[in-house]
Amino acid sequence: IGDVSISLARELFQETRSAPSLVGSLSYTHNTGKDPFEQVPIGSGFRSISGNLSVLKHLSPMAVYGSLGISHPYSRDVATLDGSAFNGNIVPANSYSASLGASLAVSPSSSINMGWSYTRNGATLYQPGLGNPYLGTPGNAAYLQIGAGFTLTKNWYLDISAAAGVTRDAWDHIFTISLPYRF
């Protein structure tokens, strides 16, 4: 299991015939995954808070969407037991994101979707216990994504997707399964 995240979203403006809906969301991620400063990382190693604004417009049987977001990770002290890796304080920079995509209804309870996403990560500040601090390199990650969604019940939805990185800083492949619950 990687990092655990909780998100709350609220529709700020309802969709009309001529205007899209606007949804705002806040998320908190806790560093519950296996520490990335150990042998096999399964998580980021940092707690973070994120905000996002999304627009959605239905063009039946398709829906188009876009979003803008910001994420603020919290700094943390890192100390490995054997002293072989970095020891000190890490101050990650904010990241900014944008995405565009479309979802096509295949049946009343299933859909397929395609999209593009981009994230700009600022430079991380490393403050070792001994020595001078240094600044890392910023990164740009872009992905092409394809997926499918399934309505399981009135409140449960299953979303499965795969993405391929298209920039040097992007992961080669990402596979995601999410199970949102609607209150």
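Which residue takes a positive phi in the hairpin of strand 9 and strand 10? That residue is Gly131, with a phi near 105°, in a hairpin that has five residues between its strands. Please keep in mind, as you look around, that this is a predicted model.

**The protein as a whole**

Let's step back for a moment. Along the principal axes, the C-alpha atoms fill a box of roughly 60 × 30 × 30 Å. There are 183 residues in the protein, and 25% of them count as buried. The accessible surface comes to about 12400 Å², and carbon and sulfur atoms account for 62% of that. Of the contacts between residues at least 6 apart in sequence, 47% join residues at least 24 apart.

**The sheet around the hairpin**

Strand 9 (residues 125-128) is joined to strand 10 by two bridges, and the two run antiparallel. Within this pair, Leu125 has Leu135 of strand 10 as its bridge partner, while Tyr126 stands opposite Tyr134. Strand 9 also pairs with strand 6 (residues 88-91), again in the antiparallel sense, this time over four bridges. There, Gly88 stands opposite Pro128 of strand 9.

How many salt bridges does a search of the whole structure find? It finds one. The side chains of Glu15 and Lys57 meet in it, at 3.4 Å from N to O. This pair links distant parts of the chain: Glu15 is in the loop between strand 1 (4-13) and strand 2, Lys57 is in strand 3 (residues 48-59), and the two are 42 residues apart. Lys57 counts as buried because its relative accessibility, 16%, is under the 20% cut-off. Glu15, with a relative accessible area of 25%, is partly exposed.

Is Ser21 buried or exposed? Ser21 is buried, with a relative accessible area of 5%.

Elsewhere on the protein, Phe150, Leu152, Trp156, Leu179, Tyr181 and Phe183 make a nonpolar surface patch of about 680 Å². One of these residues, Leu152, sits in the loop between strand 11 (139-151) and strand 12 (157-165). Leu152 counts as partly exposed, at 49% relative accessibility.

| Residue | Relative accessible area | Class |
|---|---|---|
| Ser21 | 5% | buried |
| Lys57 | 16% | buried |
| Glu15 | 25% | partly exposed |
| Leu152 | 49% | partly exposed |

Technical notes:
Residues numbered from 1 in each chain as written. Predicted model: local features only at pLDDT ≥ 70, side-chain atom pairs only at ≥ 80, totals over all residues. Heavy atoms only, no water. Patch = residues over 30% accessible without salt bridge, like charges linked within 9 Å, V, L, I, M, F, W, Y side chains within 5 Å. Areas by Shrake-Rupley, 256 points an atom, 1.4 Å probe, with all protein chains shown as cover. Salt bridge = Lys/Arg side-chain N within 4 Å of Asp/Glu carboxyl O. Buried < 20%, exposed > 50% of the residue type's maximum accessible area, 1.4 Å probe, protein only. Pairing = 2+ DSSP bridges. Contact = heavy atoms within 4.5 Å.
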